[in-house]
Amino acid sequence: MPIIPPPVRGRASIGTSNEYYDGENTNWWSGNTNNFNPGPMTMPAAPWVTAFHYSWSTAEAVEGEEYNFRESSGYEVATTEVELVPSAPPPGSPLELAGKTNKFVLLSVTAAQRDRNGPTGVPIDWSKIKVNGTFINADSNIFLKLTNSNPVTVTPSLTGEFTNYTFSVAPVAHTIVQLTFAFHPKFLENGSPPTRSELQAKFDSASLDIFGKDEDGPIGDKIPDSDPRVIPPGAAGHDTNQWNQTLYNTDDVPLYLEFVVNDGPLSTPPNGTGSYPIFPVVYEGTNCQTTNFFDVWNRIDLELLKRWGGANIKVVNTIEIDGRQLSGSAKHGSSPVSFVVARDASDWVLAHEFVHACGVYHRNQKVWMEGLDESDDTLWPIPNPGPEWHALMNGNNNIAPGGIINRAERAAIEVHLNSNP
Ligand SMILES: [Zn+2]
């Protein structure tokens, strides 16, 4: 008997925690010895992370310094290491059932100066802070991929001009998008059907390299949301004189999404054995000679597949519409999100179709709407203005695509995910 779980969609959040240790790295420290040993900080239950472990070296007197850390008025140098300890997701949760190997964690990292004879408490700019050898983003966050259950060192490091400072590392909630997939049963004939793990690996790479980065494309700069050049009209802090529409459209922003791919409805293939997340019989193309949902070449078949709500992602062998080979096609602004992809679709294609499914058009795409004069496309609106250059939502074959997601696209994706729990 087929097992048909409902399609999984929407979001769950990793718990937030205010618990952090204001650590020191070769830092002047005042106070008594107890300050050096606050004990391991335990985070509240969260899917991926149970604890930050802090360790610190025994304080050493600084050469030439008359102070000793045992004196309350003294200063001392101490080094703090921060370790992130991955954990298993809660038993029985969709996250556990998915059996993911890679897990993502979002950290907020800040630092402040602390000198014996210099400034104390002056915030250090995000652009000077690295974690794991990578500079953090302009929002002070960094998105990390944990590849196994081993602890990961996340001690911030600063650019050379800072030697004495305090820092804090705190976990921040990111969005978990749960998706189900199904494939055409004809894939079973050659014994190597699409697997959940191959899709998961592509989504993991999209999370890190396309969505989570704030420097895709040759501009390579990071601009905080508080920069008046990118605060649009109508938003708090907008300044007509500094507002820069071109920069707003062009600049990349990070979007912290972790995808969890689950099997769609399981059923036994016709004339076969076992249970697989395969299309229902009506989409198998075996009963009707005029349709083919394995190598899709008919626009109506493609539309029917997109409309099937049993799974979010439908994997077919190839898609060719009007002689044009496609790697994927999404149901625009669908809830739950729905898209069809070819087996060999890349991580970029999966990310691109997902964003279409969240209701985002190609950059510079003219969109015909009811009531418009179909023959005069100068009247058609462009809901997502350019540039196509290095954009994830580039649909122009003559311009190189990339991983840039701008603020308007990010807002549209967030609204779609938030309004479709
Ligand atoms: Zn597209």
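Hi everyone, let's start on the outside of helix 6: Val415, Asn418 and Ser419 are exposed and sit on the face turned away from its buried side. Helices (H or I, at least four residues) and strands (E, at least two) are DSSP runs, numbered from the N terminus.

A quick word on the model. It is predicted, so to speak of local features we need pLDDT of at least 70, side-chain atom pairs count only at pLDDT 80 or more, and totals for chains, interfaces and linings use all residues. Residues are numbered from 1 along each chain as its sequence is written.

Back to helix 6: which of its residues are buried? They are Glu409, Ala412, Ile413 and Leu417.

Now, what does Cys358 touch? Leaving out residues up to four places away in sequence, Cys358 touches Val337, Ala412, Ile413, His416 and Leu417; contact means C-beta atoms, placed from the backbone, within 7 Å.

Cys358 also joins Phe181 and Val341 in touching the most other members of the largest nonpolar core, which has 74 residues. Such a core is a set of buried Ala, Val, Leu, Ile, Met, Phe, Trp, Tyr and Cys residues joined through C-beta atoms within 7 Å.

Note on methods
A residue is buried if 20 or more other C-beta atoms lie within 10 Å of its own, exposed if 12 or fewer, and partly exposed in between; C-beta atoms are placed from the backbone. Two residues are in contact if their C-beta atoms, placed from the backbone, lie within 7 Å.
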